[in-house]
Amino acid sequence: MILDSSHAAWSRGDIEGVLSNYVDDLTYYCNTGGPDGGPLSIVGKQALRHMLQPIADVAESVSVSEYFRFSDGIGRAKIECYIRHKTTHHTLVGSYRQLVTYRGNRIARMEEFHDAAKMIAFWRMISGEAAIEKALLAE
């Protein structure tokens, strides 16, 4: 229910709703998204907010857990999702894996594993096309 609540909030564009499902000193890890295109690690709600808000500002997204299993203290989930850029309307559809560690009734550690090449290509395409559109509108 906690993971589903977090995904439902994300799907509504409610960043504070997402964060309400996490402990204050959370650890977030993603196999892509770092400044050099490699892994991304974040500690704390403020840092996660700082990462999520710009995405929510430029894109709409829906994510739902298709599969969830809790074993040995870790939740394992397969997430189906799409993300649609608000300006260009390009859409990325796919799935990714999450490993979730809980503390009490909140998420303490979230690990996400995406198709890194696909994610990098999508965001590069969006960045380039949005910059072109912005330049054309300024003329």
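This is a dialogue about a predicted model, in which each label is set against its rule.

Biologist: How many aromatic pairs are there?

Modeller: The count comes to three aromatic pairs. One of them joins Tyr-29 and Phe-113, whose ring centres are 6.0 Å apart with the planes at 50 degrees.

Biologist: Why is the pair of Tyr-29 and Phe-113 called tilted?

Modeller: Rings pair if their centres lie within 6.5 Å, and planes under 30 degrees apart count as stacked, those over 60 as edge-to-face and the rest as tilted. The centres of Tyr-29 and Phe-113 are 6.0 Å apart and the planes stand at 50 degrees, so the pair is tilted.

Biologist: What parts does the pair of Tyr-29 and Phe-113 tie together?

Modeller: Tyr-29 lies in strand β1 (residues 22-30) and Phe-113 in strand β6 (residues 106-113), so the pair ties together parts that are 84 residues apart in sequence.

Biologist: What makes Phe-122 and Trp-123 an edge-to-face pair?

Modeller: Their centres are 5.2 Å apart and the angle between the planes is 80 degrees. Planes over 60 degrees apart count as edge-to-face, so the label applies to Phe-122 and Trp-123.

Biologist: Is Phe-122 buried or exposed?

Modeller: Phe-122 has a relative accessible area of 5%. Buried means under 20%, so Phe-122 is buried. Trp-123, at 24%, is partly exposed.

Biologist: Why does Tyr-29 count as partly exposed?

Modeller: Its relative accessibility is 21%.

Biologist: How do you know that the buried residues of α1 line one face of the helix?

Modeller: The buried residues of helix α1 (residues 2-12) are Leu-3, Ser-6, His-7, Ala-9 and Trp-10. Seen down the axis of α1, they fall within an arc of 160 degrees, so they line one face. In general, an α-helix has 3.6 residues a turn, so residues three or four places apart point the same way.

Biologist: What follows α1?

Modeller: Gly-13 follows α1, with a positive phi near 75 degrees.

Biologist: Which residues other than glycine have a positive phi?

Modeller: Among them are Asp-72, with phi near 55 degrees, and His-89, with phi of about 70 degrees. Most residues other than glycine have a negative phi. Asp-72 is found in the loop between β3 and β4, and His-89 in the loop between β4 and β5.

Biologist: Why is Asp-72 called exposed?

Modeller: The relative accessible area of Asp-72 is 73%. Exposed means over 50%, so Asp-72 is exposed. His-89, at 44%, is partly exposed.

Biologist: What makes His-114 buried?

Modeller: His-114 has a relative accessible area of 16%, and the cut-off is under 20%, so His-114 is buried. His-114 sits in the loop between β6 and α4.

Biologist: How do you know that the side chains of His-114 and Glu-112 make a polar contact?

Modeller: The contact that joins these side chains is 3.0 Å. The cut-off is within 3.5 Å, so the distance meets the rule.

Biologist: What lines the largest pocket?

Modeller: The largest pocket holds about 990 Å³ of space and is lined by 40 residues. Tyr-28, Met-51, Ile-55, Met-119 and Trp-123 lie nearest its centre. The largest share of the lining, seven residues, comes from α3. By class, the lining has 23 nonpolar, 13 polar and four charged residues.

Terms used:
Residues are numbered from 1 along each chain as its sequence is written. Side-chain values use heavy atoms; hydrogens and water are left out. Helices (H or I, at least four residues) and strands (E, at least two) are DSSP runs, numbered from the N terminus. Buried means under 20% relative accessible area, exposed over 50%, partly exposed in between (1.4 Å probe, protein chains only). The arc is that of the directions from the helix axis to the C-beta atoms. On a 1 Å grid over the protein atoms alone, a cavity is a set of points where a 1.4 Å probe fits but cannot get out, and a pocket is an open set with protein on both sides within 12 Å along at least five of seven lines; lining residues have an atom within 4 Å of a point. Grid points are joined across faces, edges and corners, and a volume is the space filled by probe spheres set on the points. Ala, Val, Leu, Ile, Met, Phe, Trp, Tyr, Cys and Pro count as nonpolar, Asp, Glu, Lys and Arg as charged, and the others, Gly among them, as polar. A polar contact is a pair of N or O atoms within 3.5 Å; within protein, one must be able to donate a hydrogen and the other to accept it, and residues adjacent in sequence count only if both atoms are side-chain atoms.
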